[in-house]
Amino acid sequence: MPKISPTYDVIVIGAGPAGYSSAIRCAQLGLKTACVDNWRNKKGQRILGGSHLNSGCVASITLLESARLYHSVNHELKKHGIHVDTISVDIAAMIQRKDAIIDALGHKITDLFNQYKIDSFHATAKLVKPRQLHLTPIDGSEPYRLDGKHIILATGSSPIPLPYAKVDNEFIVDSFAALNMTTLPKKLAIIGAGAIGLELASIWNRLGAETILLEAQESFLPLPDQQISREAYRIYSQQGMDLRLGARVTAAKKTGKKVVVEYQDQEGSHTLRVDRLIVASGRKPNTENLAAPEANLLLDENGYVHVDENCRTNLPGVYAIGDISLLGPMLAHKGIEEGVFVAEQIAGQHTAIHYDTLPSVIYTHPEIAWVGQTEQALRAMGEPIKIGIFPFSGTARAQASGRTQGMVKIIAHADSDALLGVHIIGSKASELIAEAVLAMEFSASSEDLARTIHAHPTRSEAFHEAALTFKKPMPHVPPSDAAPPKTSKTD
Ligand code: NAD
């Protein structure tokens with residue numbers, strides 16, 4: 001138990017990306033800082049990093065990488081003239097590797113806390129009034145009080161439980177347990193085709209599970225640009241994912257060694273028997289019991305904390321950042337940015353967050369990434385726009401790697417030429433989007449991009465070529481009256 005100081009300059013509740021970034025920045029700026037967190041790993045031990053590191057994105061991309069390698073050995077090596085006689089997969093070893101990686105990353109945060117002299121409490125905190133917390137230690141010892149001049153709420157989010165599909169984390173599993181299954185289910189169903197459902201599907205489908213996604217909405221991936229969503233639907237279906245839209249799950253029950261799932265669509269009621277069911281039906285902010293009723297912390301009807309543009313709640317000296325805040329999407333990098341922003345505000349610095357240039361990424365195979373506005377939103381607003389699209393198959397690098405699926409779509413203002421949105425589906429989209437974010441952050445026009453030299457051969461050339469669409473003729477595209485090529489290769 002760390003030595004308890006009477007009053008801290010800042011107490012951060014939650015050590016996920018938003019919380020730990022904020023605590024570290026506070027300490028860097030000379031503020032006396034504490035961080036309270038109640039996470040426990042699979043072994044019941046204390047670990048920092050929150051759900052993002054331990055049961056979310058980082059855990060997920062670690063397994064996605066393993067699944068990508070396995071799929072590659074199975075399906076891509078032959079094309080390179082490489083033959084492997086026996087291929088087998090040890091899922092338990094894969095999970096162990098993932099656990100070792102997240103464990104090491106979690107300990108790195110602990111080291112940083114120690115190096116910056118941040119007092120770290122393993123407890124559940126409750127805001128009893130502005131500037132005062134009530135801490136219940138995880139080890140069962142006596143609760144105590146902690147005072148801070150500023151309190152930063154960063155408690156993150158957790159899966160929304162479905163009353164009709166009760167999670168037992170053996171047969172019916174949540175998104176955390178879905179990253180800890182040590183055997184391959186032969187037949188797997190997933191409730192929800194949002195970012196989490198699709199990322200989990202990308203892992204288990206590529207490892208060989210027959211994967212069925214049941215999505216209540218009729219439209220597929222409504223958030224990204226719809227041209228990209230349609231392309232994603234086509235590619236995922238081609239990979240063997242069984243995407244059932246307008247399919248609302250109404251009941252799920254373990255029966256013997258199977259899960260019986262009931263769902264309804266336009267054609268009526270259906271029953272599905274699967275080996276495992278993953279519930280990925282959305283997340284809710286962790287604000288239940290975060291504040292005592294008499295503290296009067298203002299929440300909306302879904303439990304998100306009301307904040308102003310400076311992440312300030314309705315209570316003096318109390319801020320909310322990351323997934324629990326009403327501002328912006330549930331994305332780790334949004335939380336990190338807000339954490340740093342609030343720390344700097346408390347230290348008297350004047351900074352700003354540009355939510356308009358926040359990138360979004362879905363870590364599937366292939367990845368989807370975007371920044372700015374979609375074509376549909378801009379058309380609905382009546383903005384005059386022009387669109388440049390370039391397929392990755394048109395770049396030498398994509399052909400060399402065999403990863404030719406997908407495209408870059410650039411949307412610019414028809415009159416001013418300002419970049420309004422960039423949408424990518426394809427291998428390494430999560431990395432490529434950074435260039436678009438930077439361009440939009442610096443208010444670039446499509447001509448700025450077109451005049452920027454890109455290394456050849458790289459995948460980033462697709463971005464360049466998409467901008468060149470507005471400055472015809474493009475070097476890597478045949479004339480519009482050219483005869484179609486005799487051969488065309490795709491992966
Ligand atoms: P989501 O809300 O994006 O998707 C859940 C889906 O489940 C919805 O489309 C919903 O229609 C469907 N659903 C709910 N009940 C259903 C039922 N009974 N039958 C069939 N379908 C049902 O939520 P998520 O994918 O769990 O993600 C939660 C949050 O975390 C989101 O804000 C997401 O953006 C964020 N997140 C983002 C990333 C990323 O960007 N890479 C990764 C993880 C999480």
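Modeller: Start with P457. In this predicted model, P457 sits in the loop between α11 (446-450) and α12 (461-468).

Colleague: What is the peptide bond from H456 to P457, cis or trans?

Modeller: Cis. Omega is near 0° there. A cis bond also joins H365 and P366, with omega about -5°. P366 lies in the loop between β17 (360-362) and β18 (367-372).

Colleague: Why is D417 called buried?

Modeller: The relative accessible area of D417 is 12%. Buried means under 20%, so D417 with its 12% is buried.

Colleague: And why is N169 called partly exposed?

Modeller: N169 has a relative accessible area of 39%.

Colleague: Now the domains. Which residues make up domain 2 and domain 3?

Modeller: Domain 2 covers 172-281 and domain 3 covers 366-468. Domain 1 comes in two pieces, 8-158 and 284-355. The centres of domain 2 and domain 3 are 30 Å apart, taken over C-alpha atoms.

Colleague: How many residues of domain 2 and domain 3 are in contact?

Modeller: 13 residues of domain 2 are in contact with 15 residues of domain 3. Together the two domains bury about 1,200 Å², 65% of it on carbon and sulfur atoms. On the domain 2 side, D225, Q227 and I228 lose the most area to domain 3, together 47% of what that side buries.

Colleague: What makes K409 and D225 a salt bridge?

Modeller: Their side chains meet with N to O at 2.8 Å. The cut-off is 4 Å, so the pair K409 and D225 at 2.8 Å qualifies. The rule finds one salt bridge across the interface of domain 2 and domain 3. D225 and K409 also belong to a salt-bridge network with E375 and R379.

Colleague: How many residue pairs are in polar contact between domain 2 and domain 3?

Modeller: Five, with both residues at pLDDT 80 or more. The domain 2 side that touches domain 3 has seven nonpolar, four polar and two charged residues.

Colleague: Why does R230 count as exposed?

Modeller: R230 has 54% relative accessibility. Exposed means over 50%, so R230 at 54% counts as exposed. R230 is in helix α6 (residues 226-238).

Colleague: How many salt bridges does the structure hold?

Modeller: 18. One of them joins D147 and R145, at 2.8 Å from N to O. D147 is buried at 17%, whereas R145 is exposed at 52%.

Colleague: How do you know that K284 and E288 form a salt bridge?

Modeller: Their closest N and O atoms are 4.0 Å apart. The rule asks for within 4 Å, and K284 with E288 is listed as a salt bridge. K284 is partly exposed at 26%, and E288 is exposed at 66%.

Colleague: And R312 with D308, what is the distance?

Modeller: 3.6 Å, N to O, between the side chains of R312 and D308. R312 is partly exposed at 39%. D308 is partly exposed too, at 26%.

Note on methods: Residues are numbered from 1 along each chain as its sequence is written. This is a predicted model: local features need pLDDT of at least 70, side-chain atom pairs count only at pLDDT 80 or more; totals for chains, interfaces and linings use all residues. Side-chain values use heavy atoms; hydrogens and water are left out. Helices (H or I, at least four residues) and strands (E, at least two) are DSSP runs, numbered from the N terminus. Buried means under 20% relative accessible area, exposed over 50%, partly exposed in between (1.4 Å probe, protein chains only). Domain bounds come from an automatic or database domain assignment. Contact means heavy atoms within 4.5 Å. Buried area is the accessible area (1.4 Å probe) that two parts lose on being put together, summed over both. A polar contact is a pair of N or O atoms within 3.5 Å; within protein, one must be able to donate a hydrogen and the other to accept it, and residues adjacent in sequence count only if both atoms are side-chain atoms. Ala, Val, Leu, Ile, Met, Phe, Trp, Tyr, Cys and Pro count as nonpolar, Asp, Glu, Lys and Arg as charged, and the others, Gly among them, as polar.
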